[in-house]
Amino acid sequence: MINTKHIGLQLPTVTFEVEKGRLRFFAKATGETRPEYLDEQAARAAGYRSLPVPPTFLMGADLDAGTLTTLLDTLGVPIERILHGEQSFTYHAPVCAGDVLSVESKVSDIYSKKGGAIEFIVKDSQIKDAQGETVVEARSVIVVRNPQENAA
Amino acid sequence: MNSPRRDEIRVGEELPPLELPPITRTTLALFAGASGDHNPIHIDSDFARAAGMPDVFAHGMLPMAYLGRFLTQWVPQTQLRHFSVRFAAITPVGARLTCTGKIVEITQGGCEALARLKINVVDDQGEIKLAGEALVAQA
């Protein structure tokens, strides 16, 4: 069982710049071909400062920085047991290439179901711009599948 | 901008579906790199089998990214206020996915009118892989 003392655990803040090349790679990987997501001029013509960040892209910041690995190591959860249970984003302001963002994440809940066979880790992230304004809020629910023999 | 602004959004209106090509191992390799999710369970069949799975399977965030495309082809992304999903079932290699959605409510959020959408990703057997909702500002 994951120790619930970790509820409230603050993860290291990640600061990063949104890169155009990475946005184009993300577009390729997700089949996105619209010019405003690939070409800066087209993005500006569509009213964006630069290439817009697609709705789910910012998940990558925590992953790149190894925050998920840190979280799993701290909680003692092997990566092969996790599944993504739920994900949500709330958008407060557009984010574009060149923006420097910081991500502040914490563990906001840990709970179990089915007598401990399945456990849940809830991670909440605030993504802030260089002025410290929250531009996106994200919540991830990670499901941990425990081996049946360990289930209570 | 490709997506039209929506000045009149009606409850019950269905969004134009987005049909995706079958998920391949290449799709998963590219998405692992682009998304930053390098969990080997999605890209290394040996690792996936050792973890008790029949094979590699898609990152949940891949079909969620497809839903992002689906929503932003309907309205400009600047109108998207909230987007959430539950990952209901694993998406295996070979899956043929379609994004669907429908307006279920017009509601008020702060000082703007919002359309609440029920959105799904389904496979070609009709199995729901992702179920979620979105809040979209009315232009």
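## The sheet in chain A

Let's start with strands S2 (residues 82–91) and S5 (residues 134–145) of chain A, which pair in the antiparallel sense over nine bridges. Strands here are DSSP runs of E with at least two residues, helices are runs of H or I with at least four, and both are numbered from the N terminus. Two strands pair if DSSP finds at least two bridges between them. This is a predicted model, where local features need pLDDT of at least 70 and side-chain atom pairs count only at pLDDT 80 or more, while totals for chains, interfaces and linings use all residues. Residues are numbered from 1 along each chain as its sequence is written, chains are lettered from A and ligands numbered from 1 in the order in which they are written, and side-chain values use heavy atoms, with hydrogens and water left out.

Now follow the bridges across. A:Thr90 stands opposite A:Glu137 in S5(A), and A:Glu137 is also the bridge partner of A:Gln126. S5(A) is joined to S4(A) by 11 antiparallel bridges. S4 (residues 118–128) is in turn joined to S3(A) by 11 bridges, again antiparallel, with A:Lys128 opposite A:Ser102. A:Ser102 also faces A:Thr15, where S1 (residues 14–17) meets S3 (residues 100–113) through four antiparallel bridges.

## Two hairpin turns

S4(A) and S5(A) form a hairpin with five residues between them, and A:Gly132 in the turn has a positive phi of about 90°. The hairpin of S3(A) and S4(A) has four residues between the strands, and here A:Lys114 takes a positive phi near 55°.

## One face of helix H1

Which residues of H1(A) are buried? They are A:Arg22, A:Leu23, A:Phe26, A:Ala27 and A:Ala29, where buried means under 20% relative accessible area, exposed over 50% and partly exposed in between (1.4 Å probe, protein chains only). Looking down the helix axis, these buried residues fall within an arc of 165°, so they line one face of H1(A). That arc is taken from the directions from the helix axis to the C-beta atoms. As background, an α-helix has 3.6 residues a turn, so residues three or four places apart point the same way.

The cover over the buried residues of H1(A) includes H3 (59–64) of chain A, together with H1 (25–35) and H3 of chain B.

## Just past the helix

A:Thr30 sits in the loop between H1 (20–29) and H2 (40–45) of chain A. Why does A:Thr30 count as buried? Because its relative accessibility is 3%. Leaving aside residues up to four places away in sequence, A:Thr30 touches B:Phe31, B:Leu62, B:Ala65, B:Tyr66 and B:Arg69; touching, or contact, means heavy atoms within 4.5 Å. Also just after H1(A), A:Gly31 takes a positive phi of about 75°.

## A cavity lined by both chains

The residues nearest the centre of the largest cavity are A:Phe26, A:Glu32, A:Tyr37, A:Pro54 and B:Arg69, out of 15 lining residues. H1 of chain A and H3 (61–72) of chain B each supply at least two residues of this lining, and the largest share, four residues, comes from H3(B).

## Chain B in outline

Chain B has three helices and five strands, following the pattern β-α-α-α-β-β-β-β along the sequence. Its C-alpha atoms fill a box of roughly 50 × 30 × 25 Å, taken along the principal axes. Of the 139 residues in chain B, 55% are buried.

Technical notes:
1 Å grid on protein atoms, 1.4 Å probe; cavity = no way out; pocket = protein on both sides within 12 Å on 5 of 7 lines; lining within 4 Å.
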